Amino acid sequence: MQKSYGTDEPNSPVTSKMSKADQLLSKLPPPTQLPSFVTDALKEPSSRSTQQADPVLNTTDMTSQSFHTPMFSPVITHKNEENFDVPTSPSSESGTDKSVKSEQTSGNKGDLFNWMRGSSSSIFSMVAEKAKNSVDAVLTTLDPQMKDAFNPNTFDGTDVVVASEKEIIVSAVREGFQKVFGKSVVRGLEAPDQPFAAQLVGFSAASKATKYRIDSVRLHVVKGPVVAFERFIVEPIESKWYEFGLLKLNDMERNIDLEVYTQSVPVPTSIVSLINDDTPKDYEHISTGFSIPVAHFMASNLKVHPSEWQEIMTGVSQRSSLLAASVSLAMSYKNALE
């Protein structure tokens, strides 16, 4: 006879396990309701005495007070809104205070606009003056001769004319006169060929050559000062040769004649001997000097440009020495005018 193992039998292992689980679950208490902290907090003061109430938080007032929805206050107001005041409470400001504030604001804006109208002309004139000076600085840097177009004439409406069109001479004289007189018109005018040696020798020959240049320019410029420049060599001591530059100014209208010399530059005696040997004996201007300039030999030996050998020998450029002489000549001319 076979035995049947069903789940209904009390002695089966499945039935025993389920009965134990049911017994454990039956012993658990039912779930309780979760506490409401908001309600408890509101009801809690009612059980307390008035003496034990929290002085900071008055729950009775909180329950009786009506809560207002917060108002949004934009940081950036609309451009058409002149006055936008965010009140702290609905009754914090009266209509009178708002009108007073609006009047004060409109008054301040009126004063600001009046100030702007009064100062606009001066501000615009300053901006225009700075812009003009900037443009003038750019143009004069690109072309130094443009200074004559921007600066008014001096010396009672007359110009300073340089008897040469070499930029190194004209620019140095211009800068020297502008340092002394502030504003002056200096222009160059080329003089015709002169009957003098290519390399002048002696003070007398240099003075005659500059005078010839001034007289040649006087045919075209009747009034005003005329400046001429010449370089020459001289032997003040035996076997000691030096090169000088002569700046000569003539103001025929005021009967002023001035002469200024540049810094001396030593010249090797061997170079002067070579120039003397290479000058033909029948040279037509031999009475005033040699046929070959010193700068030609000095530049060839030093391997530099003819206008740079003075700086190699003395550390002072040709233009620097000429500028110093121009300032001295302009100061002498200013003293003569006074």
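Is Tyr212 buried, partly exposed or exposed, and at what relative accessibility? At 31% relative accessibility, Tyr212 counts as partly exposed, a class that lies between buried (under 20% relative accessible area) and exposed (over 50%), as computed with a 1.4 Å probe on protein chains only. The structure is a predicted model, in which local features need pLDDT of at least 70 and side-chain atom pairs count only at pLDDT 80 or more, whereas totals for chains, interfaces and linings use all residues. Residues are numbered from 1 along each chain as its sequence is written, and side-chain values use heavy atoms, with hydrogens and water left out.

A pair of aromatic rings is described by the distance of the centres and the angle of the planes. Rings of Phe, Tyr and Trp (its six-membered ring) are taken to pair if their centres lie within 6.5 Å, and the planes count as stacked when under 30 degrees apart, as edge-to-face when over 60 and as tilted in the rest of the cases. Eight aromatic pairs are found in the structure. In one of them, the ring centres of Phe196 and Tyr212 are 5.9 Å apart and the planes stand at 70°, so the pair is edge-to-face. Because Phe196 lies in the loop between strand 2 (186-188) and strand 3 (199-201), while Tyr212 belongs to helix 7 (residues 203-218), this pair ties together parts that are 16 residues apart in sequence; helices (H or I, at least four residues) and strands (E, at least two) are DSSP runs, numbered from the N terminus. Phe196, at 15% relative accessibility, counts as buried.

An edge-to-face arrangement is also formed by Phe232 and Tyr261, with 6.2 Å from centre to centre and 75° between the planes. Phe232 is located in strand 4 (residues 226-237) and Tyr261 in strand 6 (residues 256-261), so the pair ties together parts that are 29 residues apart in sequence. Phe232 counts as buried at 0% relative accessibility, whereas Tyr261 is partly exposed, with a relative accessible area of 35%. Together with Phe203 and Phe244, these two residues form one aromatic cluster.

Strand 6 itself has a covered face, made up of Ile256, Leu258 and Val260, and an uncovered one, to which Asp257, Glu259 and Tyr261 belong. Its pairing with strand 5 (residues 240-251) is antiparallel and runs over six bridges, where two strands are said to pair if DSSP finds at least two bridges between them. Glu259 of strand 6 is the bridge partner of Lys248. The hairpin of strand 5 and strand 6 has four residues between the strands, and in this hairpin Asn255 takes a positive phi near 60°.
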